[in-house]
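I opened my notebook beside the model and jotted down what I looked up, entry by entry. Come along and check each spot with me.

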Amino acid sequence: MGLSILVLIQSNPLETHRPTEGLRIALGLSTGSASVTVVLLGQARILVSEDTSDVVEGEILERHLPVIQELQLPIVVPEGSAAAFSLDLEFAVREVSQAGISSLLCEADRVLVF
């Protein structure tokens with residue numbers, strides 16, 4: 001079995017390109033032998049919401065979103081995210097407690113932070 005990689009995206013996609021780039025990199029890594037999970041915190045949860053129109057580099061994001069949905073790339077968000085954001089149900093999103101997110105971070109072989 002390959003490495004487990006966790007891509008933690010916490011930057012605001014309305015202010016910087018880093019979250020979009022992090023999601024693009026996660027997608028690229030997921031095509032290899034590694035097990036990739038994406039964790040979205042704070043405003044980064046907008047990346048998998050129904051309204052991504054104001055995201056920096058949104059045109060790049062729009063190209064990759066259908067592939068992320070098709071591959072069902074695992075995406076983790078904090079509990080309560082569905083109530084705070086209009087999450088797109090086409091993504092493989094699951095809500096996890098803060099303790100669960102901490103465990104995912106500790107158990108991953110590699111963590112990339114954006």
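**Contacts.** I call two residues in contact when they have heavy atoms within 4.5 Å. In the chain, I found that residues 24 or more positions apart account for 69% of the contacts with a separation of 6 or more.

**Ground rules.** I am working with a predicted model, where local features need pLDDT of at least 70, side-chain atom pairs count only at pLDDT 80 or more, and totals for chains, interfaces and linings use all residues. I number residues from 1 along each chain as its sequence is written, and side-chain values use heavy atoms, with hydrogens and water left out.

**Overall fold.** I took helices (H or I, at least four residues) and strands (E, at least two) as DSSP runs, numbered from the N terminus. The chain has four helices and five strands, and along the sequence they read β-α-β-α-β-α-β-α-β.

**Size.** I looked up the radius of gyration, taken over C-alpha atoms, and the globule rule, 2.2 Å times the number of residues to the power 0.38. For 114 residues a compact globule would come near 13 Å, and the chain agrees at 13 Å. The C-alpha trace spans about 35 × 30 × 25 Å along its principal axes.

**Burial.** My cut-offs on relative accessible area are under 20% for buried, over 50% for exposed, and partly exposed in between (1.4 Å probe, protein chains only). By that rule 42% of the 114 residues are buried.

**Ile46.** I found Ile46 in the loop between β2 (35-40) and α2 (58-71). Ile46 counts as buried because its relative accessibility is 9%. Beyond its neighbours within four places in sequence, Ile46 touches Pro13, Leu14, Asp51, Thr52, Val55 and Phe85. Leu14 is 32 residues away along the chain, yet the C-alpha atoms of Ile46 and Leu14 are 8.6 Å apart.

**Salt bridge.** I counted a side-chain nitrogen of Lys or Arg within 4 Å of a carboxyl oxygen of Asp or Glu, and the total is one. Glu21 pairs with Arg24, with the closest N and O atoms 2.3 Å apart. Both lie in helix α1 (residues 18-30), three residues apart, about one turn of the helix. Glu21 is partly exposed at 24% relative accessibility, and Arg24 is partly exposed at 34%.

**Strand β5.** I located Val111 in β5 (residues 110-113). Val111 counts as partly exposed because its relative accessible area is 37%.
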